[in-house]
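Subject: Structure handover

Hello,

Here is the structure you asked for. My notes follow below it.

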Amino acid sequence: MPDTPWPPGIEPVVPVPGYPNTWTHTPARAPFPRAAGATEAAAPTALHHKLPDGEANLAERTKGRPAIGQLMEISGRILDEDGRPVAGAIVELWQANAAGRYAHAIDTSAAPLDPNFEGHGRIRSDADGRYAFFTVKPGAYAVPVQETWWRPPHLHFSVFGPSCLSRLVTQMYFPGDPLNEIDRILQSIPDPAARERMVARMLPPSSVGSVHLGFVHDIVLRGRFATPEG
């Protein structure tokens, strides 16, 4: 996403062994500088007109029929490299359900689907750069490769800036999960401090009540303290 190189250690080392998508999605050659052309200059802006938001509650697809799983709210701020809020960013979230299965055709695992779980949402950050989703905590799942390994519970985020050419795709992890230490995607980030910026902070129950858990996860779009891609 940034037009200046990130500091060393923030970008993941790819492709990741045992994760086929990182092999098929990683360019075989290094990127090269290219001046912005007419396409880049005229790229679509005001994306909220093209990407309608409002899907913030993933845990109750139908009123009165909540999804199965541990309810939680995830909230935070979208920030630039100087810590200033990014207002109007398109924030997308997608995740597995509480059993660790995605509602997607390519996920053919034996884990059950939940008809009451939405699985994805999209909102716009407010004037202070804040966002929030209400959802369920996702389950862990096995990566379907010959030498199986497990991915910890995690959320996928996509953040669009003022145009479709400014986008960060990243992942968020939960604090204290033992699978975090052996997750090949998280561990592909060389800098430990950068990896830590992909882990949310749990709020004390006294601040969120008895109905659901609460987590905070700020996303920094670029710079020395950027949230890594994932």
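Asp82 sits in the loop between strand E1 (71–79) and strand E2 (90–94). Helices (H or I, at least four residues) and strands (E, at least two) are DSSP runs, numbered from the N terminus. This is a predicted model: local features need pLDDT of at least 70, side-chain atom pairs count only at pLDDT 80 or more, and totals for chains, interfaces and linings use all residues. Residues are numbered from 1 along each chain as its sequence is written, and side-chain values use heavy atoms, with hydrogens and water left out.

Back to Asp82. Its relative accessibility is 57%, so Asp82 counts as exposed. The classes are buried under 20% relative accessible area, exposed over 50%, and partly exposed in between (1.4 Å probe, protein chains only). The Asp82 side chain makes a polar contact with the side chain of Arg84, at 3.2 Å. A polar contact is a pair of N or O atoms within 3.5 Å; within protein, one must be able to donate a hydrogen and the other to accept it, and residues adjacent in sequence count only if both atoms are side-chain atoms. Arg224 is 142 residues from Asp82 in sequence, yet their C-alpha atoms are 9.3 Å apart.

Next, Ser125. It is in the loop between strand E3 (120–124) and strand E4 (130–136). Ser125 counts as buried because its relative accessibility is 6%. A polar atom of its side chain lies 2.8 Å from the backbone nitrogen of Ala89. Leaving aside residues up to four places away in sequence, Ser125 touches Ile78, Val86, Ala87, Gly88, Ala89 and Arg130. Contact here means heavy atoms within 4.5 Å.

Most peptide bonds are trans. Pro15 is in the segment before helix H1 (20–24).

Now the whole chain. It has four helices and 11 strands. Its radius of gyration (over C-alpha atoms) is 18 Å, close to the 17 Å from the globule rule for 230 residues, so the chain is as compact as a globular protein of that length. That rule is 2.2 Å times the number of residues to the power 0.38. The C-alpha atoms fill a box of roughly 50 × 45 × 35 Å along the principal axes. Of the 230 residues, 42% count as buried. Among contacts between residues at least 6 apart in sequence, 71% join residues at least 24 apart.

Best wishes
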